[in-house]
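Please look over the structure below before reading on. The notes after it go topic by topic.

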Amino acid sequence: MNIEQARFNMIEQQIRPGTCSTRPCSRCWRWCGARISWPPAYRALAFCDIEIPLPEGQCMLTPRIEARLLQEAQVQRHERVLEIGAGSGFMAALLAHRAQAVVTLERVPVLARMAAENLRRAGVVNASVREMDGRDGLAAEAPFDVIVLSGSVASVPSALLQQLRVGGRLIGIVGAEPMMRALRVTRNSDAAFATVELFDTVAPRLAGFDEPTRFTF
């Protein structure tokens, strides 16, 4: 398999058309795609638009969704980012390429180790991995300019919204199958938040977040 050609095809055919069309976003994908490793059994599928399986029953978001979330987050060089759900570390690397600093939280030990090793091997020095449940965020180090949920949740977590600085954005996929929606929530003041609906999609659940109560009869 020609890895360089596969990566080029992914960026030009999957990422750029209608999802990550800006030059900075494309450059970010080229840089990270050349440095982050995928599980050996799925390396040949690394540049396909599918959810690459990860240990412990987890999986990566598809490249198309990751690219769209990255672009919609509008991360700036001076900003601090919190990611919930490190997975392989790929999204953290993408974010770190654009941000001042990134902290990514991962509750599954084997994934936390994988993400940390991927970031180390790629030479990403402005992103760190914490092995911890991301449900409550990281209040001790808040506020953050951007919070990214690398997976779907049933509803926007209020605890995480409170960890945004004024002007900060939370990007996440919210709802339930068969149709979820990517949202950007901006904190306009201490008590005011504005939500923009970005696009419809479906993504794997982030573990540890509350599900809506279901009535039984």
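The model is predicted.

**Helix α5**

- Helix α5 spans residues 109-121, which is 13 residues.
- From first C-alpha to last, α5 reaches 18 Å, close to the 18 Å expected at 1.5 Å a residue.
- Its buried residues are Leu111, Ala112, Ala115, Asn118 and Leu119.
- The partners packed against the buried residues of α5 are α4 (90-96), β2 (101-106) and β3 (127-131).
- Gly123 follows α5, and its phi is positive, near 75°.

**Nonpolar cores**

- Nonpolar side chains tend to be buried together in soluble globular proteins.
- Here, the largest nonpolar core holds 34 residues.
- Among the residues with the most contacts inside this core are Leu69, Val81, Leu95 and Ile173.
- Elements that give two or more residues to this core include α3 (63-73), α4, α5 and β5 (164-176).
- The largest share, 7 residues, comes from α4.
- Val81 touches residues including Val75, Leu95, Val102, Phe144 and Val148, leaving aside those up to four places away in sequence.
- Another core lies apart from this one, with 18 residues, among them Ile147, Val153, Leu160 and Phe209.

**A loop residue**

- Ala191 lies in the loop between β6 and β7.
- Ala191 has a relative accessibility of 71%, so it counts as exposed.
- Ala191 and Gln162 are 29 residues apart along the chain, yet their C-alpha atoms are separated by 9.0 Å.

**Salt bridges**

- The count of salt bridges comes to 12.
- Arg121 is partly exposed at 44% relative accessibility, and Glu117 is partly exposed at 31%.
- Glu141 and Arg130 form a salt bridge with an N to O distance of 2.8 Å.
- This pair links distant parts of the chain: Glu141 is in the loop between β3 and β4, while Arg130 is in strand β3, 11 residues apart.
- Glu141 counts as partly exposed at 27% relative accessibility.
- Asp133 and Arg135 also form a salt bridge, their closest N and O atoms being 4.0 Å apart.
- Arg68, Glu72 and Arg184 are joined in a network of salt bridges.

Terms used:
Residues are numbered from 1 along each chain as its sequence is written. This is a predicted model: local features need pLDDT of at least 70, side-chain atom pairs count only at pLDDT 80 or more; totals for chains, interfaces and linings use all residues. Side-chain values use heavy atoms; hydrogens and water are left out. Helices (H or I, at least four residues) and strands (E, at least two) are DSSP runs, numbered from the N terminus. The expected span of a helix is 1.5 Å times one less than its number of residues. Buried means under 20% relative accessible area, exposed over 50%, partly exposed in between (1.4 Å probe, protein chains only). Contact means heavy atoms within 4.5 Å. A nonpolar core is a set of buried Ala, Val, Leu, Ile, Met, Phe, Trp, Tyr and Cys residues joined through side-chain atoms within 4.5 Å. A salt bridge is a side-chain nitrogen of Lys or Arg within 4 Å of a carboxyl oxygen of Asp or Glu.
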